[in-house]
Structure formats: structure tokens, C-alpha cells
Amino acid sequence: MYKSRQLEAVLEKYNDTIEPIMKLGVNREDFVEMDFTKTNQKLKNININDTEAFKAYIQSVLNNYKKLGIGGYGEDRIIYHQSSIFNGGKGKGVRTIHLGIDIWVPAGTIIYAPINSWVHSFRDNNKFGDYGATIVLEHHLNDVTFYTLYGHLSRSSLKGLEEGMEILKGDDFASIGDSDENGQWPPHLHFQLISDMLGWKGDFYGVAPVTDKDYYMNLCPNPEKMLKFE
């Protein structure tokens, strides 16, 4: 887990050089923290496999608080029990530990590169409950190489991309997808910080098995360290 400690240290050192990934005219405190754990009793009456029902629930929370939604890093989410895509494999059970931060904003919202970047990989993970259109960017700070993953994008975000393509800090490079192209989720961005891609391309675990929680949370530090708005 040495890479993660290096990454956290370099992000703290260069924090002032990181640009906002969204320009929403809001600050971090203008978001409501979303809760998808078993302690949220309202989820018991929601069928997560019903996209429209889940979208209506998300919108009701945002309307109630008159805010945008955010949260989820390290959260043990009950919502993944309803989708076979989160089966962790033999002896692992259901993958429920969320490794990124979700930002619940309207479809079409533009995403900007937080620092100078190169396209590591991209893919349309086109399965129900998956990421949909996904972009992974590679970054280098003070000789530390790391990655940011952007899931649930519009398919148009993938057009014209090439592996190794440079994207400068502050450049707009993607937008939030709607439910018909983002894995059938209410519109949001899954933003994840990754210290080692482990050979993956265009995809990476965004949700880990409880049995491997420590391993994956060390591999994927809290992305709040890179998250800025304006």
C-alpha cells in the first residue's frame, strides 16, 4: 500500500494546483450527503432494478433538501444486493463497499480535467447496473503516477478519444450520461481515485467485496482529496 501513501502525500502537497471537475456555482457544503446503507429505511420500499423508481427517489431527496447529492466513499451499500453484476465471486459474496464518490447532478453536466492528464483507457461498460460509458485518466505529479476514473458518462464522451491522448488541466472532456446510456442509473458521476490499475482498462472495481475492503480502499484512497467545485 506504499503507492497509496505516496499518492495521498503528493495530492496534499499539490492541492492548490488542482482544478474543479465541475463548474456548478456551488461549494462542497451545498451538497446533501446521500445514504444507501441499510440504515436508510426508505430504501426498503424502493426496487433499485426499477430505474424510474430509483430516479424518482433520488430526485425526491434532492428536491427535499434543495441541493445536489454527493457521497458514498467507503459506504457499505445495501442497494447492490439487487443486481447480479455485483456478485463478488466464489467466497466473496456481494460486492457492497463503494470505492468512489457519487455526484448526483443533471445529465449533460460537463466534467473538466482536475490536473494535466492522459487518456489511459475508455470503454462503454454497457450492462444493467454497470458504469456505462467510462473514462480513465492517467496523471503524473512529482514522479507519482495515478489514475482517476469517471463512470456513468454520456456515450458522446467517448467519441474521438485515443489512448495516450493529452488532456490539459481545466479542459472539458466528458459529460454526465442519462439513464439510457449510463448503466440504467439516475444521472450522476462516479469519481474514483486509483493508485494502481492492476492491468485493467476502461473499467475497475467501483464496489469491493466486504472481505477485501481494506485492500481496495488502500488501493483507492478517498477521492475527496481531488474533488473541487466552483
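How exposed is Glu33, in terms of relative accessible area? Glu33 comes out at 49%, so it is partly exposed; the class runs between buried (under 20% relative accessible area) and exposed (over 50%), using a 1.4 Å probe and protein chains only.

A note before the views: this is a predicted model, where local features need pLDDT of at least 70, side-chain atom pairs count only at pLDDT 80 or more, and totals for chains, interfaces and linings use all residues. Residues are numbered from 1 along each chain as its sequence is written, and side-chain values use heavy atoms, with hydrogens and water left out.

**View 1. The whole protein, for orientation.** Here you have three helices and 12 strands, taken as DSSP runs (H or I, at least four residues, for helices; E, at least two, for strands) and numbered from the N terminus. The radius of gyration is 17 Å, close to the 17 Å that the globule rule gives for 230 residues, so the protein is as compact as a globular protein of that length. That radius is taken over C-alpha atoms, and the rule is 2.2 Å times the number of residues to the power 0.38. The C-alpha trace spans about 50 × 40 × 35 Å along its principal axes. Of the 230 residues, 53% count as buried.

**View 2. Glu33 and its salt-bridge partner Arg28.** The side chains of these two residues meet at 2.7 Å, N to O. A salt bridge here is a side-chain nitrogen of Lys or Arg within 4 Å of a carboxyl oxygen of Asp or Glu, and the structure holds nine of them. Arg28 is partly exposed too, at 26% relative accessibility.

**View 3. Asp178 reaching Lys55.** In this salt bridge the closest N and O atoms are 4.0 Å apart. Asp178 sits in the loop between strand E10 (172–175) and strand E11 (189–194), and Lys55 in helix H2 (residues 51–65), so the pair ties together parts that are 123 residues apart in sequence. Asp178 is partly exposed at 34% relative accessibility, and Lys55 is partly exposed at 24%.

**View 4. Asp102 with Arg77, a buried pair.** These side chains form a salt bridge at 2.8 Å, N to O. The link joins distant parts of the chain, with Asp102 in strand E4 (residues 101–104) and Arg77 in the loop between strand E2 (68–71) and strand E3 (95–98), 25 residues apart. Both Asp102 and Arg77 are buried.

**View 5. His120 and its neighbours.** You'll find His120 in strand E6 (residues 117–125), buried at 15% relative accessibility. Its side chain makes a polar contact with the side chain of Ser121 at 2.7 Å. Such a contact is a pair of N or O atoms within 3.5 Å; within protein, one must be able to donate a hydrogen and the other to accept it, and residues adjacent in sequence count only if both atoms are side-chain atoms. Leaving out residues up to four places away in sequence, His120 touches Val136, Leu137, Glu138, Tyr147, Glu163, Met197, Trp200 and Lys201, where contact means heavy atoms within 4.5 Å.

View 6. Lys66 is not a glycine, yet its phi is about 55°. Look for Lys66 in the loop between H2 and E2, where it counts as exposed at 74% relative accessibility. Gln184 has a positive phi as well, near 70°. Gln184 lies in the loop between E10 and E11 and is partly exposed at 31% relative accessibility.
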